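The following note sets out points for discussion on the model shown below.

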Amino acid sequence: MPAAPPAGRRERKRQQARDQLYAAALHLFVTQGYEATTMDQIAETADVARATVFNHFSQKVGFLEEWGVRRRARVNEILGSQHAEDLPVGDRLRRYLKAMADLNVASRAETTVLMDASARYGSLLQDRSLENELARIVEQGRQRGEIRAGVDRDQAGQLLAACYFSTILRWIREEPAPFDLHERIAGALDIILLGLLADETHAGEP
């Protein structure tokens, strides 16, 4: 019997098949819509057996989750190349959300379909992956003394992620885009980082 291929090669082939399925699914989602796309069509477009699709993605919603994972991984790759870890926390958050906005603007049609489907059928607002990533940045800033000691990192991450998602969902609702995504996200982030009050000493006054 022929020797089993090395684990590395097996893993590469498995990843290639997953990438092929992912690309086929995104193409179909964008061209004909998420709801109209079936797992059989994804298998046919990827030129694989139907069972292969389910070996990698047990449900169609899995492609939506994969899309989010790949988006965040791409942003971390971009920021890593920019050595963003060394930046002050405010600049890191701005860089992170700007990189996310860049990806969305560069692929607006894809973002419109996938983000809408994630909100309707996926776990967009329940998935804590983005807020955990943002909370990690906040915590590192707090350890450096750049964030007030009393700030709850998890709540901050949740607030930042909610702000990002709500902005994106408004941005995809109209065609053409109703506002400049970069400006809106940067403005919202400034409000969160700087606060609403002109003078914090007067916070308790009527």
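How many residue pairs are in polar contact across the interface of domain 1 and domain 2?

1. The model is predicted. Across the interface of domain 1 and domain 2, six residue pairs are found in polar contact, with both residues of each pair at pLDDT 80 or more. On the side of domain 1 that touches domain 2, the elements giving two or more residues are α1 and α2. The most is given by α1, with nine residues.

2. Two salt bridges are found across this same interface of domain 1 and domain 2. Separately, a salt bridge joins the side chains of Arg 18 and Glu 66, with an N to O distance of 2.9 Å.

3. The domain assignment divides the chain into domain 1 (8-58) and domain 2 (60-194). To the contact between them, domain 1 brings 16 residues and domain 2 brings 14 residues. Taken over C-alpha atoms, the centres of the two domains are 26 Å apart.

4. The size of an interface is often expressed as the accessible area lost when the parts come together. For domain 1 and domain 2, the buried area is about 1400 Å², and carbon and sulfur atoms give 70% of this area.

5. The largest nonpolar core comprises 53 residues, and Ile 42, Phe 63 and Tyr 96 are those with the most contacts inside it. At least two residues of this core come from each of α1 (7-32), α2 (39-46), α4 (61-81), α5 (89-106), α6 (108-121), α7 (129-143), α8 (153-171) and α9 (181-194). Because domain 1 (8-58) and domain 2 (60-194) both give residues to the core, it lies between them.

6. Apart from neighbours within four places in sequence, Ile 42 is in contact with Leu 21, Ala 24, Ala 25, Leu 28, Phe 29, Thr 37, Val 53 and Phe 63. One of these partners, Phe 63, is itself among the residues with the most contacts inside the largest nonpolar core.

7. As to the overall fold, the secondary structure consists of nine helices and zero strands. The C-alpha trace spans about 75 × 45 × 25 Å along its principal axes. Of the 206 residues in the chain, 40% are buried. Among contacts between residues at least 6 apart in sequence, 68% join residues at least 24 apart.

Key:
Residues numbered from 1 in each chain as written. Heavy atoms only, no water. Core = buried A, V, L, I, M, F, W, Y, C linked by side-chain atoms within 4.5 Å. Buried < 20%, exposed > 50% of the residue type's maximum accessible area, 1.4 Å probe, protein only. Helix = DSSP H or I, 4+ residues; strand = E, 2+ residues; numbered from the N terminus. Domains from an automatic or database assignment. Contact = heavy atoms within 4.5 Å. Buried area = accessible area lost by both parts, 1.4 Å probe. Salt bridge = Lys/Arg side-chain N within 4 Å of Asp/Glu carboxyl O. Polar contact = N/O pair within 3.5 Å; in protein donor to acceptor, adjacent residues only side chain to side chain.
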